[in-house]
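Hi,

Here is the structure I promised to pass on. Have a look, and my notes on what turned up follow below.

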Amino acid sequence: MASLHRPDSALASLPYRPCVGIALFNRDGLVFAGHRRHDSGDLGAHAWQMPQGGIDEGEAPRDAALRELYEETNVAPASVRLLAEAPGWYSYDLPTFAAGKPWKGRYRGQTQKWFAFAFEGDEREIDILRPGGGAHKAEFDGWRWEPLANLADLVIPFKRPVYEQVIAAFAHLARPA
């Protein structure tokens, strides 16, 4: 079992997990924010985040983004339109105390390719409690539309620098359609 208190040098030698993140904009220029389930740990006021998830072997990042969006929110690919792709990959390290928990200690953190999509469906399609048509475990227990600029203050602090980069990359999209 991986130690939760690895020396920083051991953690730094691990690779990043390839991942995608999704900024889903509604017609009012607000983004989807999901509240992490209470069994995810006590995150307090920082339990909000945008959908994200791993890229499967051989999967294109944009395809992974559409899949993850469906698996976490129930929003089908036909209900969204690509607005933008972040210019680069943004990475974060897990804090040392959490390094052994996710992904069985194989990764130091995640490197993420972010996509902005316009949600063109009906809000009744969003079903965080039975995402992916009920085929996937719920990752969120609540959701709301939020100004993009607010997300950095709502996310767990170690992800904040990535969210600040996402906000800068997609700020021009945060206005009513």
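First, a term you'll need: a nonpolar core here is a set of buried Ala, Val, Leu, Ile, Met, Phe, Trp, Tyr and Cys residues joined through side-chain atoms within 4.5 Å. Buried means under 20% relative accessible area. Also keep in mind that this is a predicted model.

With that in hand, the largest nonpolar core has 26 residues, and F25, M50, W114 and F170 have the most contacts inside it. At least two core residues come from each of β1 (16–25), β2 (31–36), β5 (80–93), β6 (109–119), α3 (151–154) and α4 (160–170). The largest share is from α4, with 6 residues.

Leaving aside neighbours within four places in sequence, W114 is in contact with G21, I22, A23, M50, P51, E85, A86, Y90, V162, Y163, V166 and F170. Apart from the core described above lies another one, of 18 residues, including L69, I128, F140 and W145.

Now the overall picture. There are 4 helices and 7 strands, and from the N terminus on they run α-β-β-β-β-α-β-β-β-α-α. Of the protein's 177 residues, 51% count as buried. If you take contacts between residues at least 6 apart in sequence, 74% join residues at least 24 apart. The accessible surface comes to about 8,700 Å², and carbon and sulfur atoms account for 53% of that.

Cheers

Notes: Residues numbered from 1 in each chain as written. Predicted model: local features only at pLDDT ≥ 70, side-chain atom pairs only at ≥ 80, totals over all residues. Heavy atoms only, no water. Buried < 20%, exposed > 50% of the residue type's maximum accessible area, 1.4 Å probe, protein only. Contact = heavy atoms within 4.5 Å. Areas by Shrake-Rupley, 256 points an atom, 1.4 Å probe, with all protein chains shown as cover.
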